[in-house]
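Hi there,

Here is the structure I promised to pass on to you. Please open it beside this email and follow along as you read.

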Amino acid sequence: LNNSIFGVGLMGWEDLPVNVLEQILRDIPFCALFEIFSRVSFNWDVACSNIVGSSLDFSDSSIKTSLQDQQLHQYLLSGLASEAKNVSLNGQMQLNDRSLENLNFHCCSIQSLDLGGCTRFTDVGMQHLSRFCQLSVLYLDLCTISDVGLLRLANISTLNVITLRQLYQITTEGVSKFSKNSNVNELAIEFCSAVFAVDLIETGALRKLTSLKLKGIKFKAVKDPNFVLSFHERNLPNLRYLTLSHCEWFNDLNITYILQCIHPEKILSLSIIHCCPMLYYQFNVDIKSFTSLQTLYVEGSLAFDVLTIIALKTILNLKRVSFRMCPLIIEEYLENWKGVIVELNGSITSK
(Lines give C-alpha, C1' and ligand atoms only; values in the text may rest on other atoms or scores of the structure.)
Protein backbone atom coordinates (compact mmCIF):
# COMPACT_ATOMS: atom_id res chain seq x y z
CA LEU A 1 0.00 0.00 0.00
CA ASN A 2 2.65 2.50 0.97
CA ASN A 3 4.60 1.77 -2.18
CA SER A 4 1.54 2.29 -4.38
CA ILE A 5 0.87 5.66 -2.76
CA PHE A 6 4.21 6.96 -3.99
CA GLY A 7 3.90 5.40 -7.42
CA VAL A 8 6.27 2.47 -7.00
CA GLY A 9 5.77 -1.20 -6.43
CA LEU A 10 2.65 -3.00 -7.65
CA MET A 11 1.10 -1.64 -10.84
CA GLY A 12 -2.61 -1.03 -11.40
CA TRP A 13 -3.71 -0.52 -7.80
CA GLU A 14 -4.91 2.98 -8.56
CA ASP A 15 -7.35 1.60 -11.18
CA LEU A 16 -9.05 -1.00 -8.99
CA PRO A 17 -12.88 -0.74 -8.85
CA VAL A 18 -14.28 1.23 -5.93
CA ASN A 19 -16.08 -1.77 -4.40
CA VAL A 20 -12.86 -3.81 -4.40
CA LEU A 21 -10.90 -0.94 -2.88
CA GLU A 22 -13.47 -0.57 -0.15
CA GLN A 23 -13.02 -4.20 0.88
CA ILE A 24 -9.25 -3.74 0.97
CA LEU A 25 -9.17 -0.37 2.72
CA ARG A 26 -11.58 -1.41 5.46
CA ASP A 27 -8.80 -3.62 6.83
CA ILE A 28 -6.34 -0.77 7.37
CA PRO A 29 -6.32 1.56 10.43
CA PHE A 30 -9.01 4.25 10.27
CA CYS A 31 -6.53 7.12 10.55
CA ALA A 32 -4.54 5.80 7.56
CA LEU A 33 -7.47 6.68 5.29
CA PHE A 34 -6.73 10.37 5.89
CA GLU A 35 -3.11 9.87 4.83
CA ILE A 36 -4.16 8.08 1.64
CA PHE A 37 -6.92 10.47 0.64
CA SER A 38 -6.18 12.63 -2.47
CA ARG A 39 -2.80 10.98 -2.98
CA VAL A 40 -3.53 8.06 -5.31
CA SER A 41 -6.52 8.28 -7.64
CA PHE A 42 -10.16 9.27 -7.91
CA ASN A 43 -11.32 5.71 -7.18
CA TRP A 44 -9.28 5.63 -4.00
CA ASP A 45 -10.81 8.92 -2.85
CA VAL A 46 -14.32 7.62 -3.49
CA ALA A 47 -13.58 4.41 -1.56
CA CYS A 48 -12.15 6.37 1.38
CA SER A 49 -15.17 8.70 1.40
CA ASN A 50 -17.58 5.76 1.32
CA ILE A 51 -15.86 4.12 4.29
CA VAL A 52 -15.79 7.27 6.40
CA GLY A 53 -19.28 8.33 5.31
CA SER A 54 -20.94 11.00 7.40
CA SER A 55 -19.59 9.69 10.72
CA LEU A 56 -16.14 10.54 11.99
CA ASP A 57 -15.18 8.34 14.95
CA PHE A 58 -11.91 9.51 16.49
CA SER A 59 -12.78 8.13 19.94
CA ASP A 60 -9.90 6.45 21.75
CA SER A 61 -11.87 3.19 21.86
CA SER A 62 -12.18 3.25 18.07
CA ILE A 63 -8.76 4.31 16.83
CA LYS A 64 -6.88 2.85 19.82
CA THR A 65 -4.54 5.82 20.13
CA SER A 66 -4.36 9.28 21.69
CA LEU A 67 -4.65 12.16 19.25
CA GLN A 68 -2.62 15.36 19.47
CA ASP A 69 -4.02 18.68 18.23
CA GLN A 70 -1.58 18.89 15.33
CA GLN A 71 -2.30 15.32 14.27
CA LEU A 72 -6.05 15.93 14.21
CA HIS A 73 -5.49 19.13 12.27
CA GLN A 74 -3.54 17.25 9.60
CA TYR A 75 -6.35 14.73 9.23
CA LEU A 76 -8.88 17.53 8.85
CA LEU A 77 -6.72 19.27 6.24
CA SER A 78 -6.97 16.20 4.00
CA GLY A 79 -10.57 17.15 3.19
CA LEU A 80 -11.90 13.67 3.87
CA ALA A 81 -13.85 14.91 6.89
CA SER A 82 -15.36 17.99 5.27
CA GLU A 83 -18.86 16.48 4.99
CA ALA A 84 -18.92 14.77 8.39
CA LYS A 85 -22.18 15.14 10.28
CA ASN A 86 -21.52 12.93 13.31
CA VAL A 87 -18.18 13.34 15.08
CA SER A 88 -16.84 11.62 18.20
CA LEU A 89 -13.68 12.69 20.05
CA ASN A 90 -14.66 10.66 23.11
CA GLY A 91 -11.75 9.93 25.40
CA GLN A 92 -9.22 12.08 23.56
CA MET A 93 -7.75 13.75 26.63
CA GLN A 94 -4.77 15.30 24.83
CA LEU A 95 -6.86 17.56 22.61
CA ASN A 96 -7.41 21.16 23.65
CA ASP A 97 -9.51 24.14 22.57
CA ARG A 98 -7.55 24.61 19.35
CA SER A 99 -8.98 21.34 18.05
CA LEU A 100 -12.52 22.71 18.35
CA GLU A 101 -11.46 25.78 16.39
CA ASN A 102 -10.00 23.59 13.64
CA LEU A 103 -13.03 21.33 13.67
CA ASN A 104 -15.34 24.28 13.17
CA PHE A 105 -13.25 25.56 10.25
CA HIS A 106 -12.90 22.26 8.39
CA CYS A 107 -16.17 20.47 9.26
CA CYS A 108 -18.94 23.02 9.01
CA SER A 109 -21.75 20.43 8.64
CA ILE A 110 -21.45 18.73 12.04
CA GLN A 111 -24.84 17.92 13.55
CA SER A 112 -23.82 15.60 16.40
CA LEU A 113 -20.67 15.95 18.52
CA ASP A 114 -19.37 13.73 21.35
CA LEU A 115 -16.76 15.37 23.60
CA GLY A 116 -16.90 12.83 26.41
CA GLY A 117 -13.71 12.67 28.46
CA CYS A 118 -12.08 15.62 26.69
CA THR A 119 -10.78 17.17 29.90
CA ARG A 120 -8.76 19.96 28.23
CA PHE A 121 -11.73 21.64 26.59
CA THR A 122 -12.49 24.86 28.49
CA ASP A 123 -14.76 27.90 28.28
CA VAL A 124 -12.58 29.13 25.39
CA GLY A 125 -13.41 25.99 23.46
CA MET A 126 -17.10 26.55 24.09
CA GLN A 127 -16.74 29.88 22.32
CA HIS A 128 -15.46 28.02 19.23
CA LEU A 129 -18.25 25.48 19.66
CA SER A 130 -20.89 28.22 19.69
CA ARG A 131 -20.07 28.92 16.03
CA PHE A 132 -21.21 25.47 14.88
CA CYS A 133 -24.23 26.54 12.87
CA GLN A 134 -25.81 23.07 12.32
CA LEU A 135 -25.06 21.35 15.64
CA SER A 136 -28.18 19.73 17.12
CA VAL A 137 -26.81 17.05 19.52
CA LEU A 138 -23.96 17.63 21.99
CA TYR A 139 -22.43 15.36 24.65
CA LEU A 140 -20.10 16.93 27.24
CA ASP A 141 -18.38 14.81 29.90
CA LEU A 142 -15.53 15.85 32.20
CA CYS A 143 -14.81 18.99 30.18
CA THR A 144 -13.31 21.82 32.24
CA ILE A 145 -16.09 24.33 31.69
CA SER A 146 -17.97 26.70 33.97
CA ASP A 147 -21.29 28.52 33.75
CA VAL A 148 -19.58 31.02 31.43
CA GLY A 149 -18.79 28.36 28.83
CA LEU A 150 -22.18 26.72 29.20
CA LEU A 151 -23.99 29.99 28.54
CA ARG A 152 -21.98 30.44 25.33
CA LEU A 153 -23.55 27.25 24.00
CA ALA A 154 -26.98 28.87 24.21
CA ASN A 155 -25.97 30.81 21.07
CA ILE A 156 -26.24 27.61 18.99
CA SER A 157 -29.76 28.10 17.68
CA THR A 158 -29.92 24.58 16.19
CA LEU A 159 -28.97 22.79 19.44
CA ASN A 160 -31.86 20.57 20.57
CA VAL A 161 -30.26 17.80 22.64
CA ILE A 162 -27.49 18.15 25.22
CA THR A 163 -25.95 15.94 27.90
CA LEU A 164 -24.03 17.60 30.74
CA ARG A 165 -22.07 14.93 32.59
CA GLN A 166 -19.51 15.31 35.36
CA LEU A 167 -19.14 19.03 34.78
CA TYR A 168 -18.26 19.95 38.34
CA GLN A 169 -17.93 23.71 37.80
CA ILE A 170 -21.41 24.33 36.41
CA THR A 171 -24.12 25.33 38.88
CA THR A 172 -27.88 25.38 39.17
CA GLU A 173 -27.85 29.05 38.19
CA GLY A 174 -25.71 28.35 35.12
CA VAL A 175 -27.95 25.56 33.86
CA SER A 176 -30.99 27.76 34.47
CA LYS A 177 -29.58 30.65 32.41
CA PHE A 178 -28.51 28.28 29.64
CA SER A 179 -31.92 26.60 29.48
CA LYS A 180 -33.78 29.91 29.38
CA ASN A 181 -31.65 31.24 26.53
CA SER A 182 -31.30 28.09 24.40
CA ASN A 183 -33.60 26.08 22.15
CA VAL A 184 -32.75 22.78 23.86
CA ASN A 185 -35.77 20.54 24.45
CA GLU A 186 -33.94 17.35 25.54
CA LEU A 187 -31.67 17.79 28.55
CA ALA A 188 -29.64 15.25 30.54
CA ILE A 189 -27.74 16.27 33.68
CA GLU A 190 -25.54 13.57 35.20
CA PHE A 191 -23.33 13.75 38.29
CA CYS A 192 -22.96 17.53 38.25
CA SER A 193 -22.45 18.02 41.97
CA ALA A 194 -23.26 21.76 42.08
CA VAL A 195 -26.65 21.32 40.36
CA PHE A 196 -29.71 20.67 42.56
CA ALA A 197 -32.84 19.30 40.94
CA VAL A 198 -35.58 21.11 42.83
CA ASP A 199 -33.82 24.48 42.78
CA LEU A 200 -33.41 24.12 39.02
CA ILE A 201 -37.02 23.12 38.39
CA GLU A 202 -38.28 25.95 40.59
CA THR A 203 -36.57 28.55 38.36
CA GLY A 204 -39.04 27.71 35.59
CA ALA A 205 -36.14 27.49 33.11
CA LEU A 206 -37.05 23.96 31.99
CA ARG A 207 -40.52 24.72 30.70
CA LYS A 208 -39.52 24.05 27.04
CA LEU A 209 -38.24 20.55 27.75
CA THR A 210 -39.92 17.47 26.31
CA SER A 211 -37.28 15.12 27.76
CA LEU A 212 -35.40 15.35 31.07
CA LYS A 213 -32.86 12.96 32.56
CA LEU A 214 -31.48 13.55 36.05
CA LYS A 215 -28.76 11.14 37.15
CA GLY A 216 -26.78 11.44 40.37
CA ILE A 217 -28.48 14.77 41.16
CA LYS A 218 -29.65 15.80 44.65
CA PHE A 219 -33.30 16.54 45.47
CA LYS A 220 -32.20 18.52 48.51
CA ALA A 221 -35.30 20.71 48.93
CA VAL A 222 -37.86 17.92 49.07
CA LYS A 223 -37.50 16.82 52.67
CA ASP A 224 -40.10 19.07 54.27
CA PRO A 225 -43.77 18.03 53.80
CA ASN A 226 -44.79 21.68 54.09
CA PHE A 227 -42.69 22.48 51.03
CA VAL A 228 -44.44 19.78 49.01
CA LEU A 229 -47.90 20.83 50.14
CA SER A 230 -47.30 24.47 49.19
CA PHE A 231 -48.32 25.66 45.71
CA HIS A 232 -45.96 24.82 42.85
CA GLU A 233 -46.33 25.87 39.24
CA ARG A 234 -46.20 23.27 36.50
CA ASN A 235 -42.61 24.10 35.62
CA LEU A 236 -42.29 21.03 33.37
CA PRO A 237 -45.53 21.40 31.39
CA ASN A 238 -44.27 19.96 28.08
CA LEU A 239 -42.40 16.95 29.46
CA ARG A 240 -43.00 13.62 27.70
CA TYR A 241 -39.95 11.58 28.75
CA LEU A 242 -38.59 11.51 32.33
CA THR A 243 -35.63 9.57 33.73
CA LEU A 244 -34.61 9.72 37.39
CA SER A 245 -31.47 7.73 38.15
CA HIS A 246 -29.32 7.43 41.28
CA CYS A 247 -30.85 10.63 42.68
CA GLU A 248 -30.03 11.36 46.31
CA TRP A 249 -32.73 12.03 48.95
CA PHE A 250 -35.46 10.71 46.66
CA ASN A 251 -38.63 9.51 48.39
CA ASP A 252 -42.43 9.75 48.32
CA LEU A 253 -42.27 13.52 48.77
CA ASN A 254 -40.36 13.75 45.51
CA ILE A 255 -43.07 11.89 43.61
CA THR A 256 -45.70 14.29 44.97
CA TYR A 257 -43.54 17.28 44.05
CA ILE A 258 -42.80 16.01 40.53
CA LEU A 259 -46.51 15.45 39.93
CA GLN A 260 -47.13 19.12 40.69
CA CYS A 261 -44.53 20.17 38.10
CA ILE A 262 -45.67 18.04 35.17
CA HIS A 263 -48.83 16.99 33.41
CA PRO A 264 -48.66 13.27 34.31
CA GLU A 265 -51.25 12.42 31.69
CA LYS A 266 -48.77 13.60 29.00
CA ILE A 267 -45.82 11.43 30.09
CA LEU A 268 -45.02 8.68 27.56
CA SER A 269 -41.92 7.16 29.15
CA LEU A 270 -40.83 6.98 32.80
CA SER A 271 -37.61 5.47 34.17
CA ILE A 272 -36.78 5.25 37.87
CA ILE A 273 -33.37 3.71 38.50
CA HIS A 274 -31.72 3.15 41.88
CA CYS A 275 -33.26 6.19 43.50
CA CYS A 276 -36.39 4.83 45.12
CA PRO A 277 -35.63 2.68 48.17
CA MET A 278 -38.16 4.78 50.10
CA LEU A 279 -41.00 4.77 47.54
CA TYR A 280 -43.99 2.90 48.91
CA TYR A 281 -47.73 3.47 48.85
CA GLN A 282 -47.66 6.93 47.27
CA PHE A 283 -46.11 5.70 44.03
CA ASN A 284 -48.79 3.03 43.59
CA VAL A 285 -51.44 5.74 43.96
CA ASP A 286 -49.80 8.39 41.79
CA ILE A 287 -48.78 6.12 38.91
CA LYS A 288 -52.44 5.75 37.95
CA SER A 289 -52.46 9.39 36.82
CA PHE A 290 -49.91 8.59 34.06
CA THR A 291 -52.71 7.63 31.70
CA SER A 292 -50.68 8.00 28.47
CA LEU A 293 -47.65 6.09 29.77
CA GLN A 294 -46.30 3.64 27.19
CA THR A 295 -42.97 2.57 28.72
CA LEU A 296 -41.94 2.09 32.36
CA TYR A 297 -38.45 1.05 33.46
CA VAL A 298 -37.72 0.42 37.14
CA GLU A 299 -34.43 -0.80 38.56
CA GLY A 300 -33.29 -1.31 42.13
CA SER A 301 -36.24 -1.06 44.50
CA LEU A 302 -37.46 -3.01 47.51
CA ALA A 303 -40.80 -1.18 47.45
CA PHE A 304 -42.45 -2.35 44.24
CA ASP A 305 -44.75 -5.34 44.71
CA VAL A 306 -48.12 -6.75 43.70
CA LEU A 307 -49.84 -3.41 44.48
CA THR A 308 -47.59 -1.76 41.91
CA ILE A 309 -48.66 -4.26 39.25
CA ILE A 310 -52.34 -3.77 40.10
CA ALA A 311 -51.92 -0.01 39.70
CA LEU A 312 -50.03 -0.34 36.41
CA LYS A 313 -52.68 -2.61 34.90
CA THR A 314 -55.11 0.33 35.01
CA ILE A 315 -52.97 2.20 32.44
CA LEU A 316 -54.47 1.14 29.13
CA ASN A 317 -51.76 2.67 26.88
CA LEU A 318 -48.89 0.80 28.51
CA LYS A 319 -46.81 -1.15 25.95
CA ARG A 320 -43.66 -2.19 27.80
CA VAL A 321 -42.69 -2.62 31.46
CA SER A 322 -39.26 -3.60 32.73
CA PHE A 323 -38.29 -4.51 36.30
CA ARG A 324 -34.68 -5.17 37.32
CA MET A 325 -33.42 -5.83 40.83
CA CYS A 326 -36.92 -5.53 42.32
CA PRO A 327 -37.05 -8.66 44.52
CA LEU A 328 -40.70 -8.22 45.54
CA ILE A 329 -41.83 -8.39 41.90
CA ILE A 330 -42.27 -12.06 41.05
CA GLU A 331 -43.22 -13.66 37.76
CA GLU A 332 -46.59 -14.81 39.08
CA TYR A 333 -47.76 -11.18 39.37
CA LEU A 334 -47.00 -10.55 35.70
CA GLU A 335 -49.12 -13.30 34.19
CA ASN A 336 -52.09 -12.55 31.91
CA TRP A 337 -50.98 -9.00 31.17
CA LYS A 338 -52.26 -8.88 27.62
CA GLY A 339 -50.82 -6.47 25.08
CA VAL A 340 -47.86 -5.50 27.29
CA ILE A 341 -44.27 -6.69 26.89
CA VAL A 342 -43.08 -7.40 30.43
CA GLU A 343 -39.40 -7.86 31.23
CA LEU A 344 -38.17 -9.18 34.58
CA ASN A 345 -34.41 -9.09 35.20
CA GLY A 346 -33.69 -9.17 31.48
CA SER A 347 -36.08 -11.95 30.51
CA ILE A 348 -39.37 -11.47 28.69
CA THR A 349 -42.07 -13.04 30.88
CA SER A 350 -45.27 -11.83 29.21
CA LYS A 351 -46.35 -10.46 25.86
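Predicted model: local features only at pLDDT ≥ 70, side-chain atom pairs only at ≥ 80, totals over all residues.

Let's start with the cysteines. The structure holds 0 disulfides. Take Cys107: the cysteine sulfur nearest to its own belongs to Cys108 and is 7.9 Å away, whereas a disulfide needs two cysteine sulfur atoms within 2.5 Å. Cys107 has 1% relative accessibility, so it counts as buried, because the cut-off for buried is under 20%. Cys247 counts as buried too, at 5% relative accessibility.

Helix α2 covers residues 18–25 and helix α4 covers residues 42–52; their axes are 9 Å apart and form an angle of about 55 degrees. That angle makes α2 oblique to α4. The crossing of the two is right-handed. On the α2 side, Val18, Leu21, Glu22 and Leu25 take part, and they meet residues of α4 including Trp44, Val46 and Ile51. The residues of this contact divide into 8 nonpolar, 2 polar and 1 charged.

Finally, find Leu56 in strand β1, which spans residues 55–57. Is Leu56 buried or exposed? With a relative accessible area of 0%, Leu56 is buried. Leaving out residues up to four places away in sequence, Leu56 touches Phe30, Phe34, Ala81, Ala84, Asn86, Val87 and Ser88. From Leu56 to Ser130 there are 74 residues in sequence, and their C-alpha atoms are 20 Å apart in space.

Enjoy exploring, and write back with any questions!

Best wishes

How values were computed:
Residues numbered from 1 in each chain as written. Heavy atoms only, no water. Buried < 20%, exposed > 50% of the residue type's maximum accessible area, 1.4 Å probe, protein only. Axes fitted to C-alpha atoms, helices over the stretch in contact; angles between N-to-C directions. Helix = DSSP H or I, 4+ residues; strand = E, 2+ residues; numbered from the N terminus. Parallel < 35°, antiparallel > 145°, perpendicular 65-115°, else oblique. Left-handed = near helix turned anticlockwise from the far one by under 90°. Contact = heavy atoms within 4.5 Å. Nonpolar A, V, L, I, M, F, W, Y, C, P; charged D, E, K, R; others polar.
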